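Hi,

Here is the structure I promised to pass on. Have a look at it first, and then read on for what turned up.

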Amino acid sequence: MMQDQVFNNIPAQYEGILAATRKLSFDMASDLQTGALLRTLVAAKPAATILELGTGSGLSTSWILQGMDERSHLTTIDNNALLHEVARQNLSDRRINFVLTNGYQWLKAYKGESFDFIFADAMPGKYDLFEEAFSLLKNGEFIL
Ligand SMILES: C[S@@+](CC[C@H](N)C(=O)[O-])C[C@H]1O[C@@H](n2cnc3c(N)ncnc32)[C@H](O)[C@@H]1O
């Protein structure tokens, strides 16, 4: 029997972000299983360069951060200023670049380093602009 209801080490910031998220009536946050999977995938990639499309209020970001080692970096993107602020205030960390912008424009314009892992959880990347998102992955790496 698979046991998927036990979560160890839920990120310390998670409850605070969840409370702020509920106040904003934001209901598109990832569940705990997705968070735990993100942490595991990220932890398997030392010194990773990571992209998250759709920060939301930072719930998934908190799991990604927990999986990151000291040499990993995350760029996370959202166009909602209220959600962005909740994430930024709760997860301030030198390894995270919080970008408040339109993901469609960002994906088309980005010319920086490729990524080891992409979590695509916004319209751009998840439902639109697949090719642009895939083209930002390093060879052999993966997108969720
Ligand atoms: C499913 S929610 C992200 C949830 C978050 N990853 C989590 O697990 O808590 C999708 C997010 O995409 C953002 N979004 C929608 N359209 C966007 C766009 N054009 N550019 C950037 N972000 C966008 C929304 O503001 C929303 O926060």
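Predicted model: local features only at pLDDT ≥ 70, side-chain atom pairs only at ≥ 80, totals over all residues.

On the fold, the protein has five strands and seven helices, and from the N terminus on their order is α-α-β-α-β-α-β-α-β-α-α-β. The radius of gyration is 14 Å, close to the 15 Å from the globule rule for 144 residues, so the protein is as compact as a globular protein of that length. Its C-alpha trace spans about 35 × 35 × 30 Å along the principal axes. Among contacts with a separation of 6 or more, 66% come from residues 24 or more positions apart.

As for the surface, 45% of the 144 residues count as buried. The protein exposes about 7,900 Å², with 52% of that supplied by carbon and sulfur atoms.

Searching the whole structure gives four aromatic pairs. One of them is Phe117 with Phe142: the ring centres are 5.3 Å apart and the planes stand at 65 degrees, so this pair is edge-to-face. Phe117 belongs to strand β4 (residues 115–120) and Phe142 to strand β5 (residues 137–143), so the pair ties together parts that are 25 residues apart in sequence. Phe117 is buried, at 0% relative accessible area, whereas Phe142 is partly exposed, at 33%. There is also an aromatic cluster, formed by Trp106, Tyr110 and Phe115.

Best wishes

Key: Residues numbered from 1 in each chain as written. Heavy atoms only, no water. Helix = DSSP H or I, 4+ residues; strand = E, 2+ residues; numbered from the N terminus. Rg over C-alpha atoms; globule rule 2.2 N^0.38 Å. Buried < 20%, exposed > 50% of the residue type's maximum accessible area, 1.4 Å probe, protein only. Contact = heavy atoms within 4.5 Å. Areas by Shrake-Rupley, 256 points an atom, 1.4 Å probe, with all protein chains shown as cover. Phe/Tyr/Trp six-rings, centres within 6.5 Å; stacked < 30°, edge-to-face > 60°.
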